Amino acid sequence: MGGVQTATNQQQWYILRGEMKYGPYEYRSLITMIQNGELYDYNFVWASHLENWTLLGDLQEFSKDRLCRLIETKDHIAGSFKDRKCPRVDLETPVYAHNDHNFFDGHTVSVSENGALVLLNDPLLLPGQKILLNFRTSEVNPQTFNVLCEIIRKNYSKQRLNVKSGLHYAVRFLSVQETGMAQLTKWTRGGVSKEETNDGILKVHE
C-alpha cells in the first residue's frame with residue numbers, strides 16, 4: 001500500500017480547461033486546488049497511468065474516502081488540506097432552495113455551523129451565486145429555518161435526485177436564523193438523541 005501511495009505522490013498531473021492543457025502539477029497541488037474551489041469533480045485531468053483524459057470525480061485518487069484516509073493517517077500530503085474551524089457532520093435532511101428566479105428541492109449531505117454540502121435539483125447554479133436554503137422539518141429537524149448561502153463549489157456526482165440533477169453544491173452560510181444556528185450547533189457539537197438519528201446523522205468530522 002505504501003508503494004501505491006508513493007507512486008501517487010510522484011505522479012505529474014495535467015488539467016484540461018477548454019482546449020488548453022495546464023501542468024504538470026503534483027498530486028498535493030490538485031488537492032489544494034480542490035480545497036480552494038479551483039478544481040471540480042467535473043474537470044478533466046490526466047496523468048501517465050491514465051489512457052485518456054478522465055473526470056476527476058471518476059478517479060479513485062480523488063475520492064472522498066481516499067482523501068479522508070490521507071487526513072486520518074496524517075500522511076505528509078495531509079498538509080495540503082485546510083483545517084476545519086468547525087466540525088462537520090454527515091446529515092441528510094430535506095431542503096428547498098430559491099435563487100430569486102426558481103424554487104428547487106434537494107437534501108443536505110453534510111453540514112457544519114458555517115456551511116453545507118447539498119444535492120439540489122438544479123444543475124445550472126454557479127459558484128458565487130447566492131441562494132436561500134429552507135431546512136424543512138424532518139425526522140432530524142424539528143423546526144424549519146432559513147439560511148442565506150453563497151455557492152463556493154459545485155461537484156459532479158453520480159448520486160442523482162432525478163435525471164435533471166447530478167451536482168453537489170458546497171455552500172457557505174452568510175446569514176442563519178437564530179433557531180437554525182441552535183439546530184446546527186446541536187447537530188455538529190453533540191446532544192443528539194438516538195431517536196433523532198433515524199434519517200441519517202452519521203459521524204462528526206473535525
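Here is a tour in a handful of stops.

Before you click, note that this is a predicted model, where local features need pLDDT of at least 70, side-chain atom pairs count only at pLDDT 80 or more, and totals for chains, interfaces and linings use all residues. Residues are numbered from 1 along each chain as its sequence is written, and side-chain values use heavy atoms, with hydrogens and water left out.

**Stop 1**

Select Gly23 and Pro24. The peptide bond from Gly23 to Pro24 is cis, with omega near 5°. Most peptide bonds are trans. Pro24 sits in strand β2, residues 20–25. Strands here are DSSP runs of E with at least two residues, helices are runs of H or I with at least four, and both are numbered from the N terminus.

**Stop 2: the sheet around that strand**

Now colour β1 to β4. They make an open sheet of 4 strands in the order β2-β1-β3-β4, with antiparallel pairing. Which strands stand at the edges? They are β2 and β4 (54–55); each has a single partner strand, so one side of each is left without a neighbour in the sheet. Two strands count as paired if DSSP finds at least two bridges between them. Zoom in on β3 (residues 44–46), which pairs with β4 over 2 bridges in the antiparallel sense. Show side chains there and you will find Phe44 opposite Leu55 in β4.

**Stop 3: a loop**

Jump to the loop between β6 (94–98) and β7 (103–111), where Asp100 is located. Asp100 has a phi near 75°, a positive value in a residue other than glycine. Most residues other than glycine have a negative phi. Is Asp100 buried or exposed? Its relative accessibility is 67%, so Asp100 counts as exposed. The cut-offs are under 20% relative accessible area for buried, over 50% for exposed, and partly exposed in between, using a 1.4 Å probe and protein chains only.

Asn102 lies in this loop between β6 and β7 too, and at 42% it is partly exposed. Draw a distance from its C-alpha atom to that of Asp122: the two are 20 residues apart along the chain and separated by 9.4 Å.

**Stop 4: the inside**

Select Leu120, Ile131, Leu133, Phe135, Val171 and Trp187. Within the largest nonpolar core, which has 24 residues, these touch the most other members. Elements giving two or more residues to this core include β8 (115–120), β9 (130–135) and α4 (178–189). A second, separate core has 14 residues, among them Trp13, Leu50, Leu56 and Leu59. A nonpolar core is a set of buried Ala, Val, Leu, Ile, Met, Phe, Trp, Tyr and Cys residues joined through side-chain atoms within 4.5 Å.

Stay with helix α4 and pick Gln183. Gln183 is buried, at 9% relative accessible area. Leaving aside neighbours within four places in sequence, Gln183 is in contact (heavy atoms within 4.5 Å) with Val140, Asn141, Pro142 and Phe145.

**Stop 5: back to the surface**

Finally, highlight Leu148 in strand β10 and Leu174 in strand β11. Both are partly exposed, Leu148 at 33% and Leu174 at 34%. Leaving aside neighbours within four places in sequence, Leu174 is in contact with Lys130, Leu148, Cys149 and Glu150. The C-alpha atoms of Leu174 and Lys130 are separated by 9.1 Å, although these residues are 44 apart along the chain.
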